[in-house]
Amino acid sequence: MSRIAYVNGRYLPHRSAAVHVEDRGFQFADGVYEVIAIANGRFIDEELHLRRLHRSLAALRMAPPMGDRALCAILREVVRLNGVAEGIVYLQVTRGSAPREFAFPTRARPSLVVTARSKTLHDPRLLAQGVRVITIPDIRWARPDIKSVALLPNALGKQQAKEAGAFEAWQVGRDGNITEGTSSNAWIVTAAGEAVTRQADTAILNGVTRQGLLHVLAAAGLRFLERPFAVAEAKAAREAFLTSASNFLIPVVRIDEAVIGDGKPGPVTERLSDAYISYAAGGGADR
Ligand code: PLP
């Protein structure tokens, strides 16, 4: 099946789909995006993604390209045209295209691009073996809570991880606390068995998987805390893992040179991963 993308009102072959050279997303990274997971043909936590999309748009004083019903219909059509039953749908909204000037254009219409692709969301090999992460300084701007397409620091961090043979880079703020991964949220499990992830302040993106897992933890009566944690605490943690819409939960078994627990995915992570997979199979909190 050849891939199809949606670009500003048209469904086009992926290889020839394009935006204008003066699109502000291309010129200034003046845009926001969402990545929504699809499992068993259902969108996982679509409501939470829409809520975050509107939050990002409002923070940048950017108009939505259309109403939510029309947007959701386009997302579903792109997923259908690409035959995706398990995978991700990507949507990007920019302030539109206009002659290149920093200040907002007065007449531009927002651009909307949507793509979708099949992908395994819980890779059994990653779940069984876990992954390694490195720590790097967090060099991003002061608003990583906005899901903007300005992802250069994230791309540089991921490349550094790749070159170090690691799966992800956990970014560390000036205060020595881990903020989050370059495309995932960071979690640890304490000696007391509590799942800990940083509170959703302006220093991190409030991951929808993160929010879904908090829901799962609360519903199961498991202990969790949203608070900062330092690199040293993470390295001494009983377990660690990361979350994202495109990979659900992945156990972390090494942080830099420190082996986490006994170097294998831990029981709390495995239990949470199973619980999240069933939550996702039902469509998430929206069901
Ligand atoms: N943090 C960052 C910086 C991300 O880019 C992402 C996802 O792309 C996440 C966290 C995880 O968010 P979500 O669970 O919504 O995929």
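1. The model is predicted: local features need pLDDT of at least 70, side-chain atom pairs count only at pLDDT 80 or more, and totals for chains, interfaces and linings use all residues. Residues are numbered from 1 along each chain as its sequence is written, and side-chain values use heavy atoms, with hydrogens and water left out.

2. An N or O atom in the side chain of arginine 52 is 2.9 Å from a ligand oxygen atom, and for lysine 147 the corresponding distance to a ligand oxygen is 3.1 Å. A nitrogen atom of the ligand lies 2.6 Å from a polar side-chain atom of glutamate 180. Of the 390 Å² of accessible area that the ligand has on its own, the protein covers 93% (Shrake-Rupley method, 1.4 Å probe).

3. Helices (H or I, at least four residues) and strands (E, at least two) are DSSP runs, numbered from the N terminus. Six strands form an open sheet with antiparallel pairing in the order E2-E1-E6-E5-E3-E4; two strands pair if DSSP finds at least two bridges between them. Strand E2 (10-13) and strand E4 (42-43) are the edge strands, each pairing on one side only. Strand E3 (residues 31-39) runs antiparallel to E4 and is joined to it by two bridges. Isoleucine 38 has phenylalanine 43, in E4, as its bridge partner.

4. Helix H6 (residues 208-219) and helix H8 (residues 267-281) have axes that come within 10 Å and cross at roughly 105°. Axes are lines fitted to C-alpha atoms, for helices over the stretch in contact, and angles run from 0 to 180 degrees between N-to-C directions. The two helices, H6 and H8, are therefore roughly perpendicular to each other (65 to 115 degrees). Thr209, Gly212, Leu213, His215, Val216 and Leu217 in H6 meet Leu272, Ala275, Tyr276 and Tyr279 in H8, where contact means heavy atoms within 4.5 Å.

Technical notes: A polar contact is a pair of N or O atoms within 3.5 Å; within protein, one must be able to donate a hydrogen and the other to accept it, and residues adjacent in sequence count only if both atoms are side-chain atoms. Angles under 35 degrees count as roughly parallel, over 145 as roughly antiparallel, 65 to 115 as roughly perpendicular and the rest as oblique.
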